[in-house]
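Biologist: Before I use any label from this model, I want to know which cut-off stands behind it. Please show me the structure, and we will go through the labels in turn.

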Amino acid sequence: MNWQNILFGTEDFIFLAEIAIRSLIMFILLFAGLRVTGKRAVKQLSIFELLIIIALGSAAGDPMIYKEIGIVYALVVFIIVFLSYWLITKWIERSEKMEIILEGKPYCIIHEGKASKESLEHRELAMDEFFSVLRHQHIFHLGQVESAILETTGELSILFYKSPDIKAGLPIWPDYLEKKTKQIKHSGTYACTHCGYTKIINAGEVNRCQYCNCNDEWVEAVNGDREK
């Protein structure tokens, strides 16, 4: 077993210094390019912009460690990618249709304390992941949420009901959701565990949710203001 080849390959020690110089140059070029785009954080990136970053990362990585690939080749890739980004950005500014294709569009997940019809048709955020985000905002049940919008950046914007307008809703904490049932034992207000739709159900009744029309499991709806 040749540890020299395993650790350093077939190159000599001098190539380590060359890798360091190449890496520094590529880092500076990549950093300068990203600063030109004006991006500050990953949360601000759309899917299109994230693909640009991945392409740049691939172009930057090879010249750092492969001796046969010169930095000029990577620089050409950088120029093409950034030029394409600039042209497409201008195109997006002039075409709403192209903006929707490349950037996507925000859509409503929660409307008036229950899942919107739009979110029931195509879920881009898993329900357990969505509930986790809401719990981090100190939300106990969906009746506290007037509207929740999934932005193109993947972030969730939430509009809360004012205290007097809060209504009974689906509790989103795991220990409450585990109490779901198909057979109602006590009359009261119940919430569909799939969409959050609430209705009064009498004891002994078995109901299929008339809002989402795909669920017959219910949990007792809860009320109460949001803790700050």
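Biologist: What is the phi of H138, which follows α7?

Modeller: The phi of H138 is positive, near 60 degrees. This is a predicted model, in which local features need pLDDT of at least 70 and side-chain atom pairs count only at pLDDT 80 or more, while totals for chains, interfaces and linings use all residues. Residues are numbered from 1 along each chain as its sequence is written, and side-chain values use heavy atoms, with hydrogens and water left out.

Biologist: Where are H138 and E112 found?

Modeller: H138 is in the loop between α7 and β3, and E112 is in the loop between β1 and β2 (114–115). Helices (H or I, at least four residues) and strands (E, at least two) are DSSP runs, numbered from the N terminus.

Biologist: Why does H138 count as partly exposed?

Modeller: Buried means under 20% relative accessible area and exposed means over 50%, with partly exposed in between (1.4 Å probe, protein chains only). H138 has 47%, so it is partly exposed; E112, with 37%, is also partly exposed.

Biologist: How do you know that the buried residues of α7 are on the same side?

Modeller: The buried residues are F130, F131 and L134. They cover an arc of only 100 degrees around the axis, which puts them on the same side of α7; the arc is that of the directions from the helix axis to the C-beta atoms. The face turned away from that side carries the exposed residues D128 and H136.

Biologist: What covers the buried residues of α7?

Modeller: The cover includes β1 (107–111), β3, β4 (156–160) and α8.

Biologist: Why is the pair of F130 and F131 called tilted?

Modeller: The structure holds 3 aromatic pairs. The rings of F130 and F131 are 6.0 Å apart centre to centre, with 40 degrees between the planes. Rings of Phe, Tyr and Trp (its six-membered ring) pair if their centres lie within 6.5 Å, and planes under 30 degrees apart count as stacked, over 60 as edge-to-face and the rest as tilted, so 40 degrees gives tilted.

Biologist: What makes the pair of F140 and Y176 edge-to-face?

Modeller: The angle between their planes is 85 degrees, and the centres are 5.0 Å apart. The pair links distant parts of the chain, 36 residues apart: F140 is in the loop between α7 (127–136) and β3 (145–150), and Y176 is in helix α8 (residues 174–177).

Biologist: How do you know that K179 lies over the face of Y176?

Modeller: A charge sits over a ring if NZ of Lys or CZ of Arg is within 6 Å of the ring centre and within 35 degrees of the ring normal. K179 lies at 5.1 Å from the ring centre of Y176. R135 lies over the face of W173, at 5.8 Å.

Biologist: Why is S119 called buried?

Modeller: S119 has a relative accessible area of 2%, so it is buried. S119 is found in helix α6 (residues 117–121).

Biologist: Which residues is S119 in contact with, leaving aside its neighbours within four places in sequence?

Modeller: S119 is in contact (heavy atoms within 4.5 Å) with Y107, C108 and I109.
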